[in-house]
Amino acid sequence: MDGQSGKRLVVVGDRVLIEPEEGEERTKVGLYLPASAVDKQSVQGGRVLATGPGTPIGAPTELDEEPWKIGSGEARYLPVQARVGDFAIFFRKAAVEISFEGKVYLVVPQAAILTLVREEGADDLLPEMDSPF
């Protein structure tokens with residue numbers, strides 16, 4: 001995510017950058033959040049702005065090789081399910097609030113996301129590779 005000062009915000013690992021939706025019991029995408037969940041601030045919703053590359057994993061072929069051999073050095077990741085543009089419902093306690101270039105965002109681990117709302121026609125098989133951030 002490029003800021004006005006020339007700085008760039010990079011989301012790492014299996015984290016997701018979310019623009020929070022505040023104080024509504026019915027989300028903009030039409031999901032109803034029960035009053036008990038909203039009042040206790042146990043769950044919250046927001047729009048996914050950027051995602052990290054995912055959880056780092058080793059290549060299956062490297063498991064059988066001798067441990068002293070030097071690998072290819074290429075990082076491999078199990079991608080996150082969230083994509084830019086999705087609406088996420090997540091556990092609020094797991095979110096970390098940050099401020100970047102005067103705006104407030106939440107960084108949420110994929111494990112804290114309960115559900116995603118995605119526009120119809122989005123390809124569920126391929127991870128989102130292009131992000132405006």
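**Notebook: an antiparallel sheet and its cores**

**Entry 1. Residue E101**

I began with E101, which counts as partly exposed because its relative accessibility is 34%. I use these classes: buried is under 20% relative accessible area, exposed is over 50%, and partly exposed is in between, with a 1.4 Å probe and protein chains only. The model is a predicted one, in which local features need pLDDT of at least 70 and side-chain atom pairs count only at pLDDT 80 or more, while totals for chains, interfaces and linings use all residues. Residues are numbered from 1 along each chain as its sequence is written, and side-chain values use heavy atoms, with hydrogens and water left out.

I then looked up the backbone of E101 and found a positive phi of about 55°, although E101 is not a glycine. Most residues other than glycine have a negative phi. E101 is placed in the loop between β6 and β7 (103–109).

**Entry 2. The protein as a whole**

I noted one helix and eight strands. Both are DSSP runs numbered from the N terminus: helices are H or I with at least four residues, strands are E with at least two. Along the sequence the pattern reads β-α-β-β-β-β-β-β-β.

The protein has 133 residues, of which 28% count as buried.

In what order do the six strands of the open sheet lie? I read the order as β6-β7-β1-β2-β5-β8, with antiparallel pairing. The edge strands are β6 (96–100) and β8 (113–117), each pairing on one side only. On average, neighbouring strands of this sheet are turned by 40° against each other, direction ignored. For such angles, axes are lines fitted to C-alpha atoms, for helices over the stretch in contact, and values run from 0 to 180 degrees between N-to-C directions.

Two strands are taken to pair if DSSP finds at least two bridges between them. Strands of a sheet pair through backbone hydrogen bonds, either parallel or antiparallel.

I followed β1 (residues 15–21) next: five of its seven residues are buried, so the strand is largely enclosed by the rest of the structure. Four bridges join β1 to β7 in the antiparallel sense, and here I18 has L106 as its bridge partner. With β2 (residues 43–51), β1 pairs antiparallel over six bridges, and V16 has T51 as its partner in β2.

Strand β5 (residues 87–91) runs antiparallel to β8 and is joined to β8 by four bridges. There I89 stands opposite T115.

**Entry 3. Nonpolar cores**

I looked for nonpolar cores, each a set of buried Ala, Val, Leu, Ile, Met, Phe, Trp, Tyr and Cys residues joined through side-chain atoms within 4.5 Å. The largest holds eleven residues: V16, I18, V48, A82, A88, F90, A95, L106, V108, A112 and I113. Strands β1, β5 and β7 each supply at least two residues of this core. Another core, of eight residues, lies apart from it, with L9, V11, L49 and F100 among them.

Which residues does V108 touch, leaving aside its neighbours within four places in sequence? I listed D14, R15, V16, I18, F90, A95 and I113.

**Entry 4. Salt bridges**

I counted four salt bridges, each requiring a side-chain nitrogen of Lys or Arg within 4 Å of a carboxyl oxygen of Asp or Glu.

D14 bonds in this way with R15, the closest N and O atoms being 2.7 Å apart. R15 is partly exposed, at 37% relative accessibility.

K103 and E19 form a salt bridge at 3.9 Å, N to O. This pair links distant parts of the chain, since K103 is in strand β7 and E19 in strand β1, 84 residues apart. K103 is partly exposed at 44% relative accessibility, and E19 is partly exposed at 33% relative accessible area.

D86 and R118 form a salt bridge, their closest N and O atoms lying 2.7 Å apart. D86 is in the loop between β4 (76–78) and β5, and R118 is in the segment after β8, so the pair ties together parts 32 residues apart in sequence. Is D86 buried or exposed? I found D86 buried, with a relative accessible area of 2%, whereas R118 is partly exposed at 25%.

Conventions:
Contact means heavy atoms within 4.5 Å.
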